[in-house]
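Hi everyone, thanks for coming.

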Amino acid sequence: MSGDSDCTRTSPSVGSPSDNEFLPDRPKYVCSLSPDLITKAREELQEKPEWRLRDVQALRDMVCKDYPSLGTCLDDAFLLRFLRARKFDYDRALQLLVNYHTCRRSWPEVFNNLKPSAIKPVLESGFVTVLPCLDPEGRHVVCIRPDRWTPSNYPITENIRAIYLTLEKLIQSEETQVNGIVILADYKGVSLSKASHFGPFVAKKVIGILQDGFPIRIKAVNIINEPRIFKGIFAIIKPFLKEKIANRFFLHGCDLNSLHQNIPPVILPEEYGGTAGKLDISAWNELLLASEEDFLHDFSQLVLPCDSSPHDMLVSGDADEKQCDDSLRGMKAQLYYCY
């Protein structure tokens, strides 16, 4: 994710066969997808290789015309993430890009000083990791274990920072852009006091990012070992979920056979009845921490303007905070009831 984010430069017209010749300082896109994934992208995402650069240029022109102060990277590879996430619908891809920046600008506790070394304690705790093997659909499995978090050590926003950086690393892969990801969340040992940290305000922010503010396709969310308290947690989350995403939640309880119907044992660690050995978090931690300089460079391309903000923002600010605070009081009662 690198390149010139200055919309004032002259852009070639949409469909120009030599777009990159006019932009020598912008990296030339080279597709890394296999023939099978090119076919999959065509069928599922409406991505046509012969029109790909034309589509990217169309989105770039829209950004420069409608949001000249957005402060975004305009590289082909970066903009492709948003087109793929919205099946090459220009308008929806543009709104996703705007939301991506709006989310980053609206939650400084999460996005200020965002780099792997800053969330090393979260990584070392094993709160979030990525399984080493892909599932049969070629998707990475992101494993989240809330029981590994001790609230007295750091706030919940640190966990969100770690999840966000994990997704940023995964979405760099074109294969992930096409195939999407699967989430495995283990709620074993989650107590009432820990669940109370995930109130409506945090829930709305996180769901807003995952649904409408980040260019990744979440294909399934598998919940394992959820206690009774999860009914209260899900009651907080569900109002913010779109129907399509809500239908991708699978609650397995302690039934590993049910989990194995969605994620095969061959890629799961022993902790979840799999045959892939003990869960090892070190490989993913090392990969993420080794990407420090890449993240610093990539995020430096995303300028956060302080004197203007794009219209049609996803997050509406203080009014929503007050509304969420009011909701939290009601939700806490429900959490206690479920507990």
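When I say that two residues touch, I mean contact, that is, heavy atoms within 4.5 Å. Before I use that, some housekeeping: this is a predicted model, where local features need pLDDT of at least 70, side-chain atom pairs count only at pLDDT 80 or more, and totals for chains, interfaces and linings use all residues. Residues are numbered from 1 along each chain as its sequence is written, and side-chain values use heavy atoms, with hydrogens and water left out.

Let's begin with T166, which sits in helix α7; helices here are DSSP runs of H or I with at least four residues, strands are E runs of at least two, and both are numbered from the N terminus. Leaving aside residues up to four places away in sequence, T166 touches V128, V130, V142, W284 and L288. Is T166 buried or exposed? Its relative accessible area is 0%, so T166 is buried; the cut-offs are under 20% for buried, over 50% for exposed and partly exposed in between, with a 1.4 Å probe and protein chains only.

For contrast, take D147, in the loop between β2 and α7. D147 is partly exposed, at 33% relative accessible area. Beyond residues up to four places away in sequence, D147 touches D186, K188 and K194. D147 and V190 are 43 residues apart in sequence, yet their C-alpha atoms are 5.6 Å apart in space.

Now the core. A nonpolar core is a set of buried Ala, Val, Leu, Ile, Met, Phe, Trp, Tyr and Cys residues joined through side-chain atoms within 4.5 Å. The largest one has 79 residues, and I181 and F198 are among those that touch the most other members. Both domain 1 (35–106) and domain 2 (113–292) give residues to this core, so it lies between them; the domain bounds come from an automatic or database domain assignment. A second, separate core of 13 residues includes L184 and I263.

On a 1 Å grid over the protein atoms alone, a cavity is a set of points where a 1.4 Å probe fits but cannot get out, and lining residues have an atom within 4 Å of a point. Grid points are joined across faces, edges and corners, and a volume is the space filled by probe spheres set on the points. The largest cavity has a volume of about 710 Å³. Of its 32 lining residues, those closest to the centre are I144, I163, Y187, F198 and V206. Which element gives the largest share of that lining? Helix α7 does, with six residues.

Terms used
On a 1 Å grid over the protein atoms alone, a cavity is a set of points where a 1.4 Å probe fits but cannot get out, and a pocket is an open set with protein on both sides within 12 Å along at least five of seven lines; lining residues have an atom within 4 Å of a point.
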